[in-house]
Amino acid sequence: MEQKYAMLAIDAALKAGVEILSIYNDPEADFEIERKADNSPLTIADRKAHKAIMSVLGDTPFPILSEEGKSIDYSVRKEWDTMWIVDPLDGTKEFIKRNGEFTVNIALVRRGSPVVGVIYVPVKKVLYFAIVGTGAYKCLGITELSGDMTWQSLVRQSVPMPSETGRGRFVVVASRSHLTPETEDYLNELKKRYGAIEMMSSGSSIKLCLVADGKADIYPRFAPTMEWDTAAGHAIVHAAGHEVYRAGTDEPLIYNKEDLLNPWFVCE
């Protein structure tokens with residue numbers, strides 16, 4: 001059953017990617033930038049990607065919590081055993097900057113834990129996908145699913161993650177847009193522990209994928225994120241043998257909370 005829903009999530013993410021690139025690659029396009037309540041940007045690409053995802057996942061038995069969808073009261077959500085958590089365009093600031101570091105995030109969450117994760121990077125045509133307990137994979141150069149594509153055939157043309165191990169150096173990935181003083185303090189502690197560390201910067205949920213793929217050892221986040229920013233990446237990280245912990249604890253992040261804001265966390 002998980003494979004069926006993973007394939008639907010992948011199809012939805014790829015379709016959203018097509019819609020996003022139709023705006024991103026059009027030199028005449030007006031991004032139609034609006035401001036949400038928290039002053040973060042919203043573009044026509046967010047809305048078109050949301051519509052594409054809903055057209056695929058809307059027919060599944062599970063409710064959908066999407067950043068661009070209607071806000072749903074916790075009195076309703078708390079009854080949900082299994083649900084989709086979706087960010088149709090994660091990294092809208094990166095989209096507006098045209099640096100390519102934005103993603104489509106789709107997770108299937110059961111009883112507060114992500115069990116399926118799909119992250120698509122439209123500009124690079126890179127798909128990260130995972131089922132917890134089955135494995136995490138990376139597929140390059142993909143833009144759509146062929147009609148006869150199955151989970152097994154997609155896995156065969158993909159690379160298992162982590163694909164890189166044994167670098168001999170400690171690599172930290174951090175947010176390109178949210179390097180807070182608390183993060184700087186944490187990095188200083190890592191330098192005391194490991195000596196020289198190598199820094200990588202990236203936007204959106206790509207940071208979680210870099211840890212899952214073995215290209216980075218740790219991703220500390222001491223700045224606000226929402227559940228739809230991390231749920232898909234959390235599933236991929238977990239399936240690849242890592243975890244996303246609440247900062248200062250050994251407790252993984254949980255989802256479908258009354259407050260959808262994540263606590264500070266460390267992915268390692």
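This is a predicted model: local features need pLDDT of at least 70, side-chain atom pairs count only at pLDDT 80 or more; totals for chains, interfaces and linings use all residues.
A residue counts as buried when its relative accessible area is under 20%.

**Burial of strand 7**
- Both faces of strand 7 are covered, with Val126, Tyr128 and Ala130 buried on one side, and Leu127, Phe129 and Ile131 buried on the other.

**Pairing with strand 6**
- Strand 6 (residues 113–121) runs antiparallel to strand 7 and is joined to it by 6 bridges, and valine 116 has isoleucine 131 of strand 7 as its bridge partner.
- These two strands, strand 6 and strand 7, form a hairpin with 4 residues between them, and in its turn lysine 125 has a positive phi of about 55°.

**Pairing with strand 8**
- Strand 8 (residues 135–140) pairs with strand 7 in the antiparallel sense over 6 bridges, and here glycine 135 of strand 8 is the bridge partner of isoleucine 131.
- The hairpin of strand 7 and strand 8 has 3 residues between the strands, and glycine 133 in this hairpin takes a positive phi near 95°.

**Histidine 50**
- Histidine 50 lies in helix 2 (residues 44–57), and because its relative accessible area is 18%, which is under the 20% cut-off, histidine 50 is classed as buried.
- The side chain of histidine 50 is joined to the side chain of serine 66 by a polar contact of 3.1 Å.

Technical notes: Residues are numbered from 1 along each chain as its sequence is written. Side-chain values use heavy atoms; hydrogens and water are left out. Buried means under 20% relative accessible area, exposed over 50%, partly exposed in between (1.4 Å probe, protein chains only). A polar contact is a pair of N or O atoms within 3.5 Å; within protein, one must be able to donate a hydrogen and the other to accept it, and residues adjacent in sequence count only if both atoms are side-chain atoms. Two strands pair if DSSP finds at least two bridges between them.
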